[in-house]
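Hello,

Here is the structure I promised to pass on to you. Please open it alongside this message, and my notes will follow below.

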Amino acid sequence: MKDTFLSARLVEPSLIRLVLFSSLSYEPFDALLLVDKKNYLPLKASRINSTSNVLIAEYHLSSPLELGHSYALSIYNYPLIPLDVSEATSFPDFDRQYAYHGNDLGATWHEDYTDFVLWAPLASSVVLKVRRRDNLTGRWHFREMERGEHGVWRLRLKGDYSLARYSFVVTNSEVTIEAIDPYAKASGPNGEYSVVLNPTLCTPLSVETKDLPSYPSPTSAIVYETSIRDISVNKDSNIFHKAQYLGLVEEGRKSKGGNPAGLDYLLSLGVTHVQILPFYDFATIDERHPLSSYNWGYDPQQYFVPEGSYSQDVENPLSRINECRQMIDTLHKKGIRVIMDAVYNHVYEYQRSSFEKIVPNYYFRRKKDGRMANTSYCGDDVASERTMVRKLIVDSAKHWIDFYGVNGFRFDLMGIVDVDTLKAIERYGKSKDSSFLLYGEGWNMGGEVNVPLGHMDNASLLPGFGFFNDFFRETVKKFLACDMSVKDAIKYSYLGSCHPYGYLGAKFKTANQSVNYIECHDDKTFFDWLSEARPDLPSEEKLELAKLGIAFILLSRGMPFIHMGQELGLTKFGRPNTYNSPDIYNQMPYRILDERKEMYDYVCSLIRFRKGIPALADYDASLIGPKVDFEDLGAALHVHLSGDGLGKWEELDFFFNPAREPLTYECKEDHILVLDNTGDVSKPEFKTRRLFIPKETLIGVGVKKKSIH
């Protein structure tokens, strides 16, 4: 047998293909199909092709093979050959026949019983492996589950199974493997086992969505991106729960210089939303030794479970759940909405995923030649367009909305997720909260499917979604580097990329779709980029340009997005992708806050200023265009605002000067100085007609409405 290989596969609903590779000569044989290890059905070959070393035989069945049974081929003089039925997931009617629309998948706890429900349509056997919490050191119990319609397996265990540990032992195509529950709401360390969640043991949420500040449009939001670990781990603050859920929301914490840290820092900035890097359960941090390595968490393992490395006690399955809820609830109490960074486009190593273990060949996209699709560059694009994959993604999103209270999603590589799945999440989120925020990375990376995907080329199909505007990012960086080729592009970017300007047509339907940023977690910081683009600049000038960059973001149309530390001109020492680099590359260094407090004060004042000018939140292109005029001043840009929505101002003028030379400008009448390189200075009401605009600085002036004194 060492020179022989046999494979049997169901290739169509009623067609089995046998492939035999051998250096031995073939002998005539009959084939039998062994069903459930007891009944034999004779098979008659409808086609046989052979060469010197390969034989292919096909067997047509009288009716489609019924999934859910054990099958093997028996051939004279050869051992039993397991029948691989995993190809059935690609049959045209598979989703129609097996999709399940119930809401009870996973483990549902009741005081007197617990229901265990698993979708495994290919499986011939599913066994529940379970151990109650009052017997955690004892032996595991194994209970056979019963198959029902649509390939759903069920088992009801009477008694109290609160916090019981469990997993599923699934047999597909005669291969038996253990897997955690893809719908588990609680987990052991490192996803070693699933846990039955008793929701009565969870800390209640005290703030309802209706009690939060509402935002009429995404452009009225100001989003700050951070990580639970990054904002709390630094040694130069007195945050106690460093790199933990609770560390993000400790009150009264300070830097060594007495400046606000953690939660108080977020509050003092004045941002409306905090986007938190992944805090679902991810795979690449050892949860028992969380500080021994670093990872952002873009490697999902469990979509319904919070990450354990951020909890105080990873051995207690309630710790991560209650502390995550407490983190979100505390932010809500302080009026800050929470955006969850969601990665629904791939998982960490699909071979290890419970998805592939339970329903092989279903959850992931494949190329025509059978290889894994790799547009995510992770080797395992999630097939969101498939009915049960879409259901899992949407059910996961619902859980984070309902059980944890998140107020929006930032979708990683959203251009890989199909439009219908994204819109299903949008419908649910908006039904709960009209201010629910949705945006993501809309790069068009291609794909292996013929359905619309959530990239920027399909922005018109997703009017309720924002897109990270890389055109804005690159244009503003070039402008700040005094690249004169972007004179039209910088004005177009200022208008939210929704209003035609010069040779540029509208990219978006409204400015709501433009996420305006020049820096985020997964690229070089702007300071580092500037260090390469303009190496002649001393550090103090680069920091002034960092301020000017944030000013352009906050004074433009679109949704402002600020990456943690951008407001202080932080460096990652030139590294572009620090997803697994040590804390020194990713943390908030509170010592720098103490050294550059004037930059922090500047950004705080600009955020306050934006909130006071409603016109800056305009999103309708027809309203934006008539209110804005531009004037080129060499490398500098003059933006003139008029019309309604300017608060107490009849007119506002912003002068963005990235050049290394100052300039002067003569106004037609007296203007009040509103903004300078220290921030908002409108209260002293210094009037002038001749403006001096220093190098690498924003100057803002205004004319008050005549009726206001």
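This is a predicted model: local features need pLDDT of at least 70, side-chain atom pairs count only at pLDDT 80 or more; totals for chains, interfaces and linings use all residues.

Eight strands make up an open sheet here, in the order 4-3-7-8-1-2-6-5, and their pairing is mixed. Strand 4 (39–43) and strand 5 (45–50) are the edge strands, each pairing on one side only. On average, neighbouring strands of this sheet are turned by 25° against each other, direction ignored.

Another open sheet has four strands in the order 9-10-14-13, with antiparallel pairing. Its edge strands, pairing on one side only, are strand 9 (106–109) and strand 13 (146–147). Two bridges connect strand 13 with strand 14 (residues 152–158), in the antiparallel sense. Glutamate 146 has arginine 154 of strand 14 as its bridge partner.

How many residues of strand 28 (residues 559–563) are buried? Five of the five are, so the strand is largely enclosed by the rest of the structure. As a general point, side chains in a regular strand alternate between the two faces of the sheet. In strand 28, both faces are covered: Met559, Phe561 and His563 are buried on one side, and Pro560 and Ile562 are buried on the other.

Strand 19 (residues 223–226) runs parallel to strand 28 and is joined to it by three bridges, with tyrosine 224 standing opposite isoleucine 562. Strand 27 also pairs with strand 28 in the parallel sense, over two bridges, and here valine 515 has methionine 559 as its bridge partner.

Strand 27 (residues 514–516) includes serine 514. Is serine 514 buried or exposed? Its relative accessible area is 0%, and buried means under 20%, so serine 514 counts as buried. The side chain of serine 514 makes a polar contact with the side chain of asparagine 516, at 2.6 Å. Leaving aside residues up to four places away in sequence, serine 514 touches Phe467, Asn469, Gly496, Ser497, Phe508, Gly558 and Met559.

Helix 6 (residues 387–404) has 18 residues, which at 1.5 Å a residue should span 26 Å; the end C-alpha atoms are 25 Å apart, which agrees. This helix is mostly covered, with 14 of its 18 residues buried. After helix 6 comes glycine 405, whose phi is positive, near 85°.

Helix 14 (residues 597–611) passes the corresponding check: its 15 residues should span 21 Å at 1.5 Å a residue, and its end C-alpha atoms are 21 Å apart. The buried residues of helix 14 include Met599, Tyr600, Tyr602, Val603 and Cys604. Also buried in helix 14 are Ser605, Leu606, Ile607, Phe609 and Arg610.

**Cysteines**

The disulfide count comes to zero. Among the cysteines, cysteine 498 counts as buried at 4% relative accessibility, and cysteine 667 counts as buried at 8%. Cys604, in helix 14, is buried as well.

Methods:
Residues are numbered from 1 along each chain as its sequence is written. Side-chain values use heavy atoms; hydrogens and water are left out. The expected span of a helix is 1.5 Å times one less than its number of residues. Buried means under 20% relative accessible area, exposed over 50%, partly exposed in between (1.4 Å probe, protein chains only). Two strands pair if DSSP finds at least two bridges between them. A polar contact is a pair of N or O atoms within 3.5 Å; within protein, one must be able to donate a hydrogen and the other to accept it, and residues adjacent in sequence count only if both atoms are side-chain atoms. Contact means heavy atoms within 4.5 Å. A disulfide is a pair of cysteine sulfur atoms within 2.5 Å. Axes are lines fitted to C-alpha atoms, for helices over the stretch in contact, and angles run from 0 to 180 degrees between N-to-C directions.
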